[in-house]
Amino acid sequence: MYFKVLSRSNAKRISYKKMSSPCVIISITDPEEGLVSFAPNDKILAVLRLQFEDVIDDSLMSMKKTDAVKVVDFVNMWKDRVGCIVIHCEAGISRSAGVCSALMVWLNGNDMEIYKNQYYHPNRLCRSLILEELIERGLV
């Protein structure tokens with residue numbers, strides 16, 4: 001599986017481009033920000049929209065187990081029909097990298113690509129909640 005970790009603005013920008021293969025988008029935004037409007041694109045098959053803050057503690061606005069369930073359900077539904085999963089957050093550094101890291105472990109067997117890129121600083125809470133959900137389901 002091919003993954004793209006992007007910022008909010010870059011994710012919106014790619015929706016205007018011609019894509020070579022079908023993809024899905026996991027769109028993560030701050031709760032106080034509006035949702036991202038993507039351009040109509042027949043290669044974008046579905047968008048999962050989540051809103052939570054970029055924090056690593058169990059605060060009111062952090063990622064929750066219910067968000068991890070949504071991510072796993074969404075990816076499980078689409079993984080055999082797309083070649084690419086686009087994951088974005090506001091800056092494309094932490095939440096999206098944390099989600100991507102967990103999904104790479106599941107679908108590609110490792111997440112070293114994320115950790116080798118010094119631009120990314122994966123959110124540990126995002127990564128651990130998704131991995132816990134995958135482990136509970138016996139998927140990793």
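In which loop does Arg-81 lie? Arg-81 belongs to the loop that runs between α2 (65–78) and β4 (84–89). The structure described here is a predicted model.

**Arg-81 and its surroundings**

With a relative accessibility of 49%, Arg-81 counts as partly exposed, because exposed means over 50%. Leaving aside residues up to four places away in sequence, Arg-81 touches Pro-22 and Leu-45. The side chain of Arg-81 also reaches the backbone oxygen of Met-77, at 2.9 Å. Met-112 is 31 residues from Arg-81 along the chain, and the C-alpha atoms of these two residues are separated by 24 Å.

**The nonpolar cores**

In soluble globular proteins, nonpolar side chains tend to be buried together. The largest nonpolar core in this model has 35 residues. Those that touch the most other members are Ile-26, Val-71, Ile-87, Val-99, Leu-103 and Ile-130. Two or more residues of this core come from each of β1 (2–7), β2 (23–29), β3 (44–51), α2, β4, α3 (95–108) and α5. The largest share, seven residues, is given by α3. A second, separate core has eleven residues, including Leu-6, Met-19, Cys-23 and Cys-84.

Not counting residues up to four places away in sequence, Ile-26 touches several residues, among them Leu-48, Val-71, Phe-74, Ile-87, Val-99 and Leu-103.

**Salt bridges**

The structure holds eight salt bridges. Three of them are listed below.

| Pair | Closest N to O distance |
|---|---|
| Glu-90 and Arg-8 | 3.2 Å |
| Glu-133 and Arg-137 | 2.6 Å |

Glu-90 lies in the loop between β4 and α3, while Arg-8 lies in helix α1 (residues 8–14), so this pair ties together parts that are 82 residues apart in sequence. In the second pair, Asp-80 is exposed, with a relative accessible area of 68%, and Lys-79 is partly exposed at 22% relative accessibility. Through shared partners, salt bridges join Glu-133 and Arg-137 with Lys-65, Asp-73 and Glu-136 into one network.

**A nonpolar patch on the surface**

Which residues form a nonpolar patch on the surface? The patch is formed by Ile-135, Leu-139 and Val-140, which together have about 250 Å² of accessible area. Leu-139 is placed in the segment after α5 (124–136). At 33% relative accessibility, Leu-139 counts as partly exposed.

How values were computed. Residues numbered from 1 in each chain as written. Predicted model: local features only at pLDDT ≥ 70, side-chain atom pairs only at ≥ 80, totals over all residues. Heavy atoms only, no water. Patch = residues over 30% accessible without salt bridge, like charges linked within 9 Å, V, L, I, M, F, W, Y side chains within 5 Å. Areas by Shrake-Rupley, 256 points an atom, 1.4 Å probe, with all protein chains shown as cover. Salt bridge = Lys/Arg side-chain N within 4 Å of Asp/Glu carboxyl O. Helix = DSSP H or I, 4+ residues; strand = E, 2+ residues; numbered from the N terminus. Buried < 20%, exposed > 50% of the residue type's maximum accessible area, 1.4 Å probe, protein only. Contact = heavy atoms within 4.5 Å. Polar contact = N/O pair within 3.5 Å; in protein donor to acceptor, adjacent residues only side chain to side chain. Core = buried A, V, L, I, M, F, W, Y, C linked by side-chain atoms within 4.5 Å.
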